[in-house]
Amino acid sequence: MPSLAHPRSNPLDGYEAELHQELSKNSGIGRPKEIHIPLSTNGYVDYNTPNFNSPLQSAGGSNLVETVLHDDLIDVLREESVIMGLRPTLIDSVGDLDIPKKSSDSTAYWFGADGDDTITESTPIFTSLEMRPKFVAALTKASYKMMVQTGGNIEALLQRDMMAVIAEEFDRVALQGTGTNNQPTGVLNQSNILTDTWTGSPAALLWDDVLEMERLLITNKSLKGNLAALCDPVTYKTTKNTVKSSGDSVGFLAEANGTMNNYPLRATTHMPASTMLFANWNELIVCTWGSIALEVDHSTGFASGVTAFRAILPCDFGVRHPESFVKSSAS
């Protein structure tokens, strides 16, 4: 990660500098001590940690024994990012974005064509899908002592940490965003997505429910594109120990190759309990305004020697056709 906090550092050069300049130009925002990182880069979900090379010596009678920090930091466990791996449609915008949408089609009619019969007129209806920037951000601080004792390496750790927590929240809201309190609306809360209730008693996922999700997409002409299913961890376990039919000892809902009904199946803690979402993920639109902006500030904590680090990502989510998403759940 580039250094923003060190006064003598040149944070970017080469390809990174060119990329930052282009993103900064496109976003219309360019401040000193700020860098821009595109959402599509692998770096935004890179949870690796920087090296710490500054030795720390113990006090007292053991001061002849040197204590050093290992190259690795034991970070908190994080959810693996799944949304970007499902290949949604990515759009990078500058202003507010309205995507034209045809909500109803014209109609074909049979007529006699003998001069006495006429074609009934029909007109398609057009609406728009509105995409507006919402901002997910992280802010953290480092003391002067921490910056000195780590040789400035703490900055890279904090930058990676902020990007990682933003990536996790990005995934969670893409699925469960409420559309309130400055959040985008996630897929599960979009209007008019298809739904199905599990038929097991008590409510449990059965093979018929798996086939019903497929049937619903076929009926709505949407069984195409990048098809895959997401579910919560408990439901994922259920797919591996529930047989397709009574007395079947090998035919479980989930296949050993990580598929279910020949479609990829992934588990994530960002899905609600007892819920599965089967969809053509190309129909999910991820809109961003510029990039992830990383910025450092010395001024507000100048008297105490505190340095503040901030990361902001402007984004929004939408669906082209709600009928391309099936929520199958216990209720």
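Modeller: A strand is a DSSP run of E covering at least two residues, and strands, like helices, are numbered from the N terminus. In this model, which is predicted, phenylalanine 135 falls within strand 7, the run of residues 134-142.

Colleague: How many helices and strands does the protein chain have?

Modeller: The secondary structure of the protein chain amounts to five helices and 16 strands. Of the contacts between residues at least 6 apart in sequence, 74% bring together residues that are at least 24 apart.

Colleague: How should I read burial, and what share of the 331 residues of the protein chain counts as buried?

Modeller: A residue is called buried when its relative accessible area is under 20% and exposed when that value is over 50%, with partly exposed in between. By that reading, 40% of the 331 residues in the protein chain count as buried. The accessible surface of the protein chain comes to about 18400 Å², and 53% of this surface belongs to carbon and sulfur atoms.

Colleague: Is phenylalanine 135 buried or exposed, and which residues does phenylalanine 135 contact once its neighbours within four places in sequence are left aside?

Modeller: Phenylalanine 135 is exposed, because its relative accessible area of 58% lies in the range over 50%. A contact needs heavy atoms within 4.5 Å, and, with neighbours within four places in sequence set aside, phenylalanine 135 is in contact with Ile312, Leu313 and Pro314. The C-alpha atoms of phenylalanine 135 and cysteine 315 are separated by 6.4 Å, although these two residues stand 180 residues apart along the chain.

Colleague: Since cysteine 315 has come up, how many disulfides does the structure hold, and why?

Modeller: A disulfide calls for two cysteine sulfur atoms within 2.5 Å, and the structure holds zero of them. The sulfur of cysteine 287 has its closest cysteine sulfur in cysteine 315, and the 9.0 Å between them is too far for a bond. Seen from cysteine 315, the closest cysteine sulfur is that of cysteine 287, again at 9.0 Å and too far for a bond. As for burial, cysteine 287 is buried with a relative accessible area of 0%, and cysteine 315 also counts as buried, at 5% relative accessibility.

Colleague: How many cavities of 30 Å³ or more are counted, and which residues line the largest cavity?

Modeller: The general idea is that rolling a probe the size of a water molecule over the atoms shows where empty space is left. Here the count comes to one cavity of 30 Å³ or more, and the largest cavity holds about 40 Å³ of space. Its lining consists of Val210, Met213, Met260, Asn261, Tyr263 and Phe278, which divide into five nonpolar residues, one polar and no charged.

Colleague: Which residues does leucine 223 touch, not counting those up to four places away in sequence?

Modeller: Leucine 223 touches Glu214, Leu217, Ile218, Tyr263 and Phe278 when residues up to four places away in sequence are not counted. Leucine 223 sits in the loop between helix 4 (207-219) and strand 9 (227-231), and is partly exposed, with a relative accessible area of 28%. Between the C-alpha atoms of leucine 223 and alanine 279, which are 56 residues apart along the chain, the separation is 8.2 Å.

Colleague: How should I read the backbone of lysine 221, that is, what is its phi?

Modeller: For lysine 221, phi is near 60°, a positive value in a residue other than glycine. Lysine 221 lies in the loop between helix 4 and strand 9, and is exposed, with a relative accessible area of 70%. Asparagine 192 likewise has a positive phi, near 70°, and is a residue other than glycine. Asparagine 192 is placed in the loop between helix 3 (154-176) and strand 8, where it is exposed with a relative accessible area of 64%.

Colleague: Which residues does a cis peptide bond join?

Modeller: A cis peptide bond joins serine 201 and proline 202, with omega at about -5°. Proline 202 has its place in the loop between strand 8 (194-197) and helix 4.

Methods:
Residues numbered from 1 in each chain as written. Predicted model: local features only at pLDDT ≥ 70, side-chain atom pairs only at ≥ 80, totals over all residues. Heavy atoms only, no water. Buried < 20%, exposed > 50% of the residue type's maximum accessible area, 1.4 Å probe, protein only. 1 Å grid on protein atoms, 1.4 Å probe; cavity = no way out; pocket = protein on both sides within 12 Å on 5 of 7 lines; lining within 4 Å. Points joined across faces, edges and corners; volume = space filled by probe spheres on them. Nonpolar A, V, L, I, M, F, W, Y, C, P; charged D, E, K, R; others polar. Helix = DSSP H or I, 4+ residues; strand = E, 2+ residues; numbered from the N terminus. Areas by Shrake-Rupley, 256 points an atom, 1.4 Å probe, with all protein chains shown as cover.
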